[in-house]
Amino acid sequence: MISLRMVWAAVAASFLMVQAPAYGGSTLDRVTASKVLRISTDPSYPPQSFMDADNQMVGFDIDVARAIATELDATLEIVTPAWEIVVSGRWNGRWDLSVGSMTPTQERSQALSFPAVYYYVPAAFAVHERSRVKAPAELTGRTFGVCGECTYEAYLRGTLTLPEATAPLSPGIQPGEIRTYETDLNALDDLKLGDGVRINAVLSSLPTINNAIEKGYPLRVVGPPVFYEPLAVAAEPGDAEFDARVAAIIAKLKADGVLSALSQKWYGMDLTRKE
């Protein structure tokens, strides 16, 4: 015997099938229907993303996100969840895309998809200007500050495996202690207090270190870049159509010279190609 509840369930199912949009995956559906692209990024990571004097979010990643939104015919909205939450996946639709200078490591690929790499950044060591350290090898046994759950922490722990690599990168030094921070800037804030006051060195992106130095932080870079970090936009897995659309947009922004111009604007150099 068929109950009234079963009849209504069948009617509801057929209605949903008729009303299903023709766009594909849920993320692209949401962006297309709402005309809003919600991106996650770091609230304090200059020159990639930070608050300016007018309390507006600006930076390279913000400009890239805005260009992507324009191509999607959408308005840009920005959210700033903790980095650990972003890289863990399981966003549950709280935002659509991460434009936060994320390295597409093999470990992160288990929780996220990476539609496209949009630039490459050199990673380097910073020490206090009064530090006696002259070469990275002299940092063995010292206390390092890095952003928690980020590429630089993985590199120091010897677990960082970049795309297309068959083995983790070797840091070439043995840290005495690794202290993690919410952002790179927090680590640099502790380093500027003095050599060994809290930490002895920070591993971060060279542009971030240089930006801090330009703002008066008493720091200096030690040695050449230790590796070049491919940085990608990230999305929740499961929407191949959205990934393909974002990848096509990044390719267009590269071909049109938009990404190169934005890199020159914020870094004074073209980081859209791996040197």
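Here are some friendly notes on the predicted model above, point by point.

1. **Ground rules.** This is a predicted model, in which local features need pLDDT of at least 70 and side-chain atom pairs count only at pLDDT 80 or more, while totals for chains, interfaces and linings use all residues. Residues are numbered from 1 along each chain as its sequence is written, and side-chain values use heavy atoms, with hydrogens and water left out.

2. **The disulfide.** A search of the whole structure turns up one disulfide (a pair of cysteine sulfur atoms within 2.5 Å). Its partners are Cys147 and Cys150, with their sulfur atoms 2.0 Å apart. The torsion about their S-S bond is about 100°, so this disulfide is right-handed. Both cysteines are buried; here buried means under 20% relative accessible area, exposed means over 50%, and partly exposed is in between, using a 1.4 Å probe and protein chains only.

3. **The largest nonpolar core.** A nonpolar core is a set of buried Ala, Val, Leu, Ile, Met, Phe, Trp, Tyr and Cys residues joined through side-chain atoms within 4.5 Å. The largest one has 33 residues, and those with the most contacts inside it are Met102, Phe125, Leu139, Tyr152, Leu156 and Leu203. At least two residues of this core come from each of helix H4 (83-87), strand E7 (113-128), strand E8 (143-147), helix H5 (151-156), strand E10 (201-205) and strand E11 (219-235). For these labels, helices (H or I, at least four residues) and strands (E, at least two) are DSSP runs, numbered from the N terminus. In soluble globular proteins, nonpolar side chains tend to be buried together.

4. Leaving aside neighbours within four places in sequence, Leu139 is in contact (heavy atoms within 4.5 Å) with Phe125, Val127, Val133, Phe144, Ile173 and Ala201.

5. **Strand E7.** Of the 16 residues of E7, 14 are buried, so the strand is largely enclosed by the rest of the structure. E7 runs antiparallel to E11, and 12 bridges join the two; Ser113 stands opposite Ala235 in E11. E7 also runs antiparallel to E10, to which five bridges join it, and here Ala126 stands opposite Val202. Two strands pair if DSSP finds at least two bridges between them.

6. **The open three-stranded sheet.** Another place to look is an open sheet with the order E2-E3-E4 and antiparallel pairing. Its edge strands are E2 (44-45) and E4 (57-58), each of which pairs on one side only. Two bridges join E2 to E3 (residues 49-51), and the bridge partner of Ser44 in E3 is Phe50.

7. **Helix H9.** In H9 (residues 258-267), Leu259, Leu262, Ser263 and Tyr267 are buried. They cover an arc of only 105° around the axis, which puts them on the same side of H9; the arc is that of the directions from the helix axis to the C-beta atoms. The buried residues of H9 pack against helix H3 (60-71), E7, helix H7 (206-214) and helix H8 (240-255). After H9 comes Gly268, whose phi is positive, near 75°.

8. The structure holds 12 salt bridges (a side-chain nitrogen of Lys or Arg within 4 Å of a carboxyl oxygen of Asp or Glu). One of them joins the side chains of Asp73 and Lys35 (3.0 Å, N to O). Asp73 lies in the loop between H3 and strand E5 (75-79) and Lys35 in the loop between helix H2 (26-34) and strand E1 (36-40), so the pair ties together parts that are 38 residues apart in sequence. Asp73 is exposed, with a relative accessible area of 53%, whereas Lys35, at 41%, counts as partly exposed.

9. **Other salt bridges.** Arg66 and Asp63 form a salt bridge, with the closest N and O atoms 3.4 Å apart. Being three residues apart in H3, the two are separated by about one helical turn. Asp63 is buried at 14% relative accessible area, while Arg66 is partly exposed at 40%. Asp189 forms a salt bridge with Lys192, their closest N and O atoms being 4.0 Å apart. Salt bridges that share partners also join Asp63, Arg66 and Lys265 into one network.
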